[in-house]
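User: I would like to learn how to read charged side chains and pockets in a protein model. Could we work through one case step by step?

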Amino acid sequence: MIAINDIHKTFNKGKANQVNAVNGISLHIAEEEFLVIVGSNGSGKTTLLNLVAGSVFPDTGSISIDENNVSKLPDYHRSQWIARVFQNPVSGTASDLSILDNFRLAAIRTKAKGLSIGINDKFKQQVKEKIATLGMGLENKVEQSMGTLSGGQRQALTLLMSVMDSCKVLLLDEPTAALDPRSAEVVMRTADKLITDFKLTAILITHNLKDAYNYGTRIMQMSEGLVLRDLNNKQKSDLKQNDLFDWFG
Ligand SMILES: Nc1ncnc2c1ncn2[C@@H]1O[C@H](COP(=O)(O)OP(=O)(O)OP(=O)(O)O)[C@@H](O)[C@H]1O
Ligand SMILES: [Mg+2]
């Protein structure tokens, strides 16, 4: 599904503040794999995700998605495969618009599958049904503006909107870092359910040990722009929470 071949990325090359953010990483991420990436601050996790998304280009090495070499393709062209959710709940949706209008925009932007775009009651009904699956009671608030919702509610809706199109890859960069523990749990459970239901290939970056332990089918630790550890589903299931704790030294 995603093939990363000996990828390198250096920022500020040749200057005093040169940073070798990604130092030669090769990875094969299979279809429907859910990869969790952990690692200390500055270890290159976000840069790797940006390289996959196309918001940063590699100096050397290549990336392909579904056999298509996308190494030189900018992020807006890769969005046919890739959806992203960021740390800040505000970045995914328009605050002044209602929940319904945000879904309308998302549907227009992505030509979402299974939604008949429009202002009619049918569209509204479909959106309400989708939102009801979150189990947050937000289906009765679709006329309310996005800005009036909590960070957790917004992040759950952002997730739902981002997976409703035909994308196959979901990139999550610390999606719960700005949320309180309860909202964070709801958002993580929602993400996990959507990844399974929509058969997505997913990458989650997290600093939360419990989430890293509980979610995903593979776990990788990065250090100084390299892959330090990489455990498959079986190895991950055999891992004890304390072992993972030790990873963080
Ligand atoms: N656009 C940029 N320009 C210059 N340096 C950058 C840029 N983006 C990232 N870096 C540097 O590359 C290194 C890796 O950064 P990155 O954001 O990938 O780390 P990270 O593992 O995501 O860290 P964190 O856990 O803090 O989010 C850091 O030293 C960072 O300062
Ligand atoms: Mg980061």
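**Reading charges and a pocket**

Analyst: At 44% relative accessibility, Asp238 counts as partly exposed. This is a predicted model, and the values that follow are computed from it.

User: Which residue forms a salt bridge with Asp238?

Analyst: A salt bridge is read from the distance between a side-chain nitrogen of Lys or Arg and a carboxyl oxygen of Asp or Glu, with a limit of 4 Å. Here the partner of Asp238 is Lys234, and their closest N and O atoms are 2.6 Å apart. Both residues belong to helix H8 (residues 233-238), with a spacing of four residues, about one turn of the helix. Lys234 counts as exposed because its relative accessibility is 56%, and exposed means over 50%.

User: How many salt bridges does a search of the whole structure find?

Analyst: The search finds nine. One of the pairs is Lys168 with Asp66, at 2.9 Å from N to O. This pair links distant parts of the chain, 102 residues apart. Lys168 sits in the loop between H5 and strand S7 (169-173), and Asp66 in the loop between strand S4 (60-65) and strand S5 (68-69). Both ends are partly exposed: Lys168 has a relative accessible area of 31%, and Asp66 has 23%.

User: Where do Asp230 and Arg218 lie, given that this pair links distant parts of the chain?

Analyst: Asp230 is in strand S10 (residues 226-231) and Arg218 in strand S9 (residues 218-223), 12 residues apart. Their side chains meet in a salt bridge of 2.8 Å, N to O. Arg218 is buried, with a relative accessible area of 9%, whereas Asp230 is partly exposed at 34%. The pair also belongs to a network of salt bridges that links Glu33, Arg218 and Asp230.

User: What is the nearest side chain of opposite charge to Glu139, which is buried yet has no salt bridge?

Analyst: For a charge without a bridge, look up the distance to the nearest opposite charge. For Glu139 that side chain is Lys128, 8.9 Å away. Glu139 does touch Lys128, along with Ile131 and Ala132, when residues up to four places away in sequence are not counted. Glu139 itself lies in the loop between helix H4 (121-132) and helix H5 (151-163).

User: Is Lys13 buried or exposed?

Analyst: Lys13 counts as exposed, at 59% relative accessibility. Its place is in the loop between strand S1 (2-11) and strand S2 (19-29). Leaving aside neighbours within four places in sequence, Lys13 is in contact with Gln18 and Asp59.

User: Now the pocket. Which residues lie nearest the centre of the second largest pocket?

Analyst: A pocket is read by its volume, its lining and the elements that supply that lining. The second largest pocket has a volume of about 350 Å³. Of its 19 lining residues, Thr176, Ala184, Glu185, Asn208 and Asp211 lie nearest the centre.

User: Which element supplies the largest share of that lining?

Analyst: H6 does, with five residues. At least two residues each come from helix H6 (181-197), strand S8 (201-205) and helix H7 (209-214). By type, the lining of this pocket divides into nine nonpolar, five polar and five charged residues.

Methods: Residues are numbered from 1 along each chain as its sequence is written. Chains are lettered from A and ligands numbered from 1 in the order in which they are written. This is a predicted model: local features need pLDDT of at least 70, side-chain atom pairs count only at pLDDT 80 or more; totals for chains, interfaces and linings use all residues. Side-chain values use heavy atoms; hydrogens and water are left out. Buried means under 20% relative accessible area, exposed over 50%, partly exposed in between (1.4 Å probe, protein chains only). Lys and Arg count as positive and Asp and Glu as negative; His and the chain ends are not counted. Contact means heavy atoms within 4.5 Å. On a 1 Å grid over the protein atoms alone, a cavity is a set of points where a 1.4 Å probe fits but cannot get out, and a pocket is an open set with protein on both sides within 12 Å along at least five of seven lines; lining residues have an atom within 4 Å of a point. Grid points are joined across faces, edges and corners, and a volume is the space filled by probe spheres set on the points. Ala, Val, Leu, Ile, Met, Phe, Trp, Tyr, Cys and Pro count as nonpolar, Asp, Glu, Lys and Arg as charged, and the others, Gly among them, as polar.
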